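Please look over the sequence and the model first.

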Amino acid sequence: MRPAIRQQMPGFGHAWPPLAIVAALLVFAALEHGLTTAPIPLHGRAYAVDGDTIRLAGQRIRLLGIDAPEREQSCTGATGEVWACGEAARAAMAKLLAGGGVDCAASERDRYGRPLADCRVGGIDLGRSMVASGMAVADGAYLNEEEAARLAKLGIWAGSFTPPAEWRREHGEGMPPAPFGTLLHWLP
């Protein structure tokens, strides 16, 4: 009988075990960055960062389905006056959060690693409330609420405004962190 010959993967030599470790680490990193589908429940006292982002349990959480004006953003009212709509959106979120503990279900992450979540205070859907009051635009959800706010000329719909995503592009916000932001700035 011939002794068993240990076969190696072609081109890898003895590198297979470290490659398996690297592959496992990549899987864990993907899971950590929100490529899971099981909702992660979060609960506690939250604070308004801006009109579509809250701080809960030590992390920033982005509300799913809405986009609110940035804190530095201004809008134009019905009579042409300029008002701080971004700060007003943050204040509206703060008022909603004052109602008690927040319950969120996060099932994915945005490109910055923040959990994207549906959040409620006392059964009130925060995203739905922000859009219905005219303090945020619908971003894939709450389209009926946006239409009603627009027709009633509530909040940002009372006059004119630059959509938040467009405002971020114009003001250089929303770029990935350096060095990728700098690299992407130079790409066509």
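## A salt bridge at aspartate 125

Aspartate 125 and arginine 120 form a salt bridge through their side chains, with an N to O distance of 3.8 Å. Aspartate 125 has a relative accessibility of 9%, so aspartate 125 counts as buried. Arginine 120 is partly exposed, its relative accessible area being 39%. These values, like the others in this report, are computed from a predicted model.

## Other salt bridges

In total there are ten salt bridges in the structure. Glutamate 87 takes part in one with arginine 71, where the closest N and O atoms are 3.4 Å apart. This pair links distant parts of the chain: glutamate 87 belongs to helix H2, and arginine 71 to the loop between strand S5 (66-67) and S6, 16 residues apart. Both ends are partly exposed: the relative accessible area is 28% for glutamate 87 and 39% for arginine 71.

Glutamate 87 also forms a salt bridge with arginine 90, and here the closest N and O atoms are 2.7 Å apart. Glutamate 87 and arginine 90 are three residues apart in helix H2, so about one helical turn separates them. Elsewhere, a network of salt bridges links Asp52, Arg62, Asp67, Glu70 and Arg168.

## Disulfides

The structure contains two disulfides. Cysteine 75 is joined to cysteine 85, with an S to S distance of 2.0 Å. The pair connects distant parts of the chain, ten residues apart, with cysteine 75 in strand S6 (residues 75-76) and cysteine 85 in helix H2 (residues 85-97). The link is right-handed, with 70 degrees about the S-S bond. Cysteine 75 and cysteine 85 are both buried.

The other disulfide is formed by cysteine 104 and cysteine 119, whose sulfur atoms are 2.1 Å apart. Cysteine 104 and cysteine 119 are both buried. With the bonded cysteines numbered in sequence order, the pairing reads 1-2, 3-4.

In soluble globular proteins, nonpolar side chains tend to be buried together. The largest nonpolar core here has 25 residues, and those with the most contacts inside it are Ile54, Leu97, Val102 and Cys119. At least two residues of this core come from each of strand S2 (46-50), strand S3 (53-56), strand S4 (59-63), H2, S8, S9 and helix H3 (126-132). Beyond its neighbours within four places in sequence, leucine 97 is in contact with residues including Ala46, Tyr47, Ile54, Val102, Val121 and Leu126.

Another core, of seven residues, lies apart from the largest one. Cys75, Ala149, Ile156 and Trp157 are among its members.

Which residues of helix H4 (residues 143-151) are buried? They are Glu145, Glu146 and Ala149. Seen down the axis of H4, the buried residues fall within an arc of 100 degrees, so they line one face of the helix. The cover over these buried residues includes H3 and strand S11 (137-138).

On the other side of H4, Leu143, Asn144 and Leu151 are exposed. Lysine 153 follows H4 and has a positive phi, near 55 degrees.

Notes:
Residues numbered from 1 in each chain as written. Predicted model: local features only at pLDDT ≥ 70, side-chain atom pairs only at ≥ 80, totals over all residues. Heavy atoms only, no water. Disulfide = S-S within 2.5 Å. Helix = DSSP H or I, 4+ residues; strand = E, 2+ residues; numbered from the N terminus. Buried < 20%, exposed > 50% of the residue type's maximum accessible area, 1.4 Å probe, protein only. Core = buried A, V, L, I, M, F, W, Y, C linked by side-chain atoms within 4.5 Å. Contact = heavy atoms within 4.5 Å. Arc of directions from axis to C-beta. Salt bridge = Lys/Arg side-chain N within 4 Å of Asp/Glu carboxyl O.
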